[in-house]
Amino acid sequence: MLHVKGGTLVTAEGSKRADILCGPDGKIAHVASTIETPTGCDVVDAAGLLVMPGGIDPHTHMEMPFMGTIASDDFYTGTAAGLAGGTTSIIDFVIPDSRTSLVDAWKAWRQKAQKSAADYGFHVAITHWNDQIYHDMKTLVEQCGVNSFKHFMAYKNALMVEDEAFLHSMRRAAELGAICTVHAENGDAVAYLQQDLLSEGRTGPEAHPVSRPPAVEGEAAHRAITLAGLLGVPIYIVHVSTQEGVKAISEARLRGQEVYGEVLPQHLVFDESVYEGSDWLKAAQYVMSPPFRPKHHQAALWGGMMSGQLQTTATDHCCFCAPQKEMGKTDFTRIPNGTPGIEDRMSVLWHYGVKTGKLSPEQFVALTSTNTAQIFNIYPQKGSLEIGADADIVLWDPDAERTISAKTHHQNVDYNIYEGMTVTGVAKKTISKGHLVWNEGDLRAVRGAGQYIARQPKSRNIRKPL
Ligand SMILES: NC(=O)NCCC(=O)O
Ligand SMILES: [Zn+2]
Ligand SMILES: [Zn+2]
């Protein structure tokens with residue numbers, strides 16, 4: 001048992017002074033303005049700290065096989081790093097290859113994820129369509145705790161899904177009470193522009209953003225929303241990075257469509273200048289998709305979050321070390337796409353969002369935890385501080401500073417995109433299912449302690465655009 005004493009509780013709904021008692025079952029047993037410490041119960045001093053639901057990162061790629069290599073953070077190291085930053089749950093992605101059924105791929109990912117230090121769930125990627133996929137989606141939803149499916153409109157000749165398959169998948173998911181998520185970039189256009197650039201001899205990382213201009217995201221976001229609108233089903237767009245993407249989402253919501261948008265902190269902080277300069281490796285370390293954008297897109301992302309048009313933040317945590325990035329030394333299209341960030345998401349969002357007055361602490365909780373739990377139907381088990389919820393809690397020091405560095409981070413990757421950045425807002429202590437797993441610099445993550453989050457289906461209304 002653990003008594004969190006003397007802190008200020010902050011949830012998506014509001015803030016109040018209160019104590020929390022975590023029960024032996026890893027759930028919140030009691031919340032009250034003051035609680036007497038039961039005999040034998042450990043006390044965690046929360047005086048001067050904000051007590052918030054643990055972060056949920058709905059977009060990670062631990063040990064993901066991708067672009068001829070495997071992401072370097074595995075389910076243990078990646079989730080442990082998350083705990084050090086206040087994130088207590090992830091939703092990762094099962095990516096079936098063309099020879100493996102969805103259910104077998106899900107089983108293989110369950111196996112890999114057994115080493116997780118924090119709780120985890122899975123979205124399952126649909127890359128093509130056939131009868132077996134139709135049946136496997138039902139098995140996954142009804143027997144395997146999956147309530148979301150992922151679609152890549154990018155990565156032609158690899159993960160990219162055609163529109164017809166996407167439509168089939170969206171209809172099937174809606175019948176089953178699942179939600180579809182989508183990486184919105186026009187994969188045909190990207191492949192075409194990549195070939196143009198390579199034929200002009202533009203082989204370095206500075207060509208990466210040129211091959212994926214904002215219109216490529218705008219078109220795909222608009223198309224995904226239009227296709228979802230034809231069926232009247234919900235859609236969740238991952239890593240929205242452009243003004244065009246925000247506009248497509250906001251306009252659809254105003255038409256009455258159920259559309260959600262996710263933001264990555266790195267898109268709020270970095271612009272396309274990260275690809276310039278003579279240091280090849282440094283530029284390659286920022287190669288991810290969608291790429292970093294001209295500055296004015298950041299204002300649109302902030303506006304989307306502040307107004308509630310964009311609901312979640314994630315990291316798309318996908319780590320590749322220098323030798324892996326160097327696979328694309330002579331051809332930027334072969335640089336494994338991905339950036340790390342699970343450990344820093346909450347601090348970066350606090351620093352640039354709450355500290356600057358753009359977001360309230362309550363909005364911060366909504367954007368880092370509660371909205372994700374609601375959209376993916378694990379609320380109030382996750383994303384809340386209610387009695388009976390999982391005791392996943394972060395004790396946050398809103399005024400503490402830390403300087404981010406690969407020398408001190410816990411992520412299994414040899415660089416940090418935020419290297420040298422000093423941020424205000426630090427996870428002082430993290431509690432996972434009632435256990436203190438991060439205590440002011442002391443990481444006590446336990447390999448295998450994370451549990452699978454079985455997510456139930458949720459029936460949603462058919463909502464065609466008005
Ligand atoms: N984002 C990225 O560059 N890599 C991971 C795969 C994806 O989410 O597109
Ligand atoms: Zn993506
Ligand atoms: Zn991703």
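The crossing of helix 8 and helix 11 is left-handed. In this predicted model, helix 8 spans residues 243-254 and helix 11 spans residues 296-307. Their axes come within 8 Å of each other and cross at roughly 30°. Angles under 35 degrees count as roughly parallel. Helix 8 and helix 11 are therefore roughly parallel to each other.

The residues at this contact can be named. Helix 8 contributes Gln243, Val246 and Ser250. Helix 11 contributes His296, His297, Ala300, Leu301 and Gly304. By class, the contact of helix 8 with helix 11 holds three nonpolar and five polar residues. No charged residue takes part in the contact of helix 8 with helix 11.

Helix 2 covers residues 102-112, and helix 3 covers residues 131-143. The axes of helix 2 and helix 3 come within 8 Å and cross at roughly 40°. That angle makes helix 2 oblique to helix 3. On the helix 2 side, the contact is made by Leu102, Val103 and Trp106. On the helix 3 side, Ile133, Asp136, Met137, Thr139 and Leu140 take part. The residues of the contact of helix 2 with helix 3 divide into six nonpolar, one polar and one charged.

The domain arrangement was considered next. The protein chain is divided into domain 1 and domain 2. Taken over C-alpha atoms, the centres of domain 1 and domain 2 are separated by 29 Å. The contact between the domains takes 27 residues from domain 1 and 31 residues from domain 2.

On the side of domain 1 that touches domain 2, the elements giving two or more residues are strands. They are strand 5 (50-53), strand 16 (393-403), strand 17 (422-432) and strand 18 (435-439). The largest share of this side, seven residues, comes from strand 17. By class, the residues on the side of domain 1 that touches domain 2 are 13 nonpolar, 11 polar and three charged.

Where pLDDT is low, predicted coordinates should not be read in detail. Here, the protein chain averages a pLDDT of 98. A score of at least 70 is reached by 100% of the residues. For the complex, the predictor gives an ipTM of 0.99 and a pTM of 0.98.

Definitions and conventions: Residues are numbered from 1 along each chain as its sequence is written. Chains are lettered from A and ligands numbered from 1 in the order in which they are written. This is a predicted model: local features need pLDDT of at least 70, side-chain atom pairs count only at pLDDT 80 or more; totals for chains, interfaces and linings use all residues. Axes are lines fitted to C-alpha atoms, for helices over the stretch in contact, and angles run from 0 to 180 degrees between N-to-C directions. Helices (H or I, at least four residues) and strands (E, at least two) are DSSP runs, numbered from the N terminus. Angles under 35 degrees count as roughly parallel, over 145 as roughly antiparallel, 65 to 115 as roughly perpendicular and the rest as oblique. A crossing is left-handed if the near helix is turned anticlockwise from the far one by less than a right angle, and right-handed if clockwise. Two residues are in contact if their C-beta atoms, placed from the backbone, lie within 7 Å. Ala, Val, Leu, Ile, Met, Phe, Trp, Tyr, Cys and Pro count as nonpolar, Asp, Glu, Lys and Arg as charged, and the others, Gly among them, as polar. pLDDT is the predictor's confidence in each residue, from 0 to 100. Domain bounds come from an automatic or database domain assignment.
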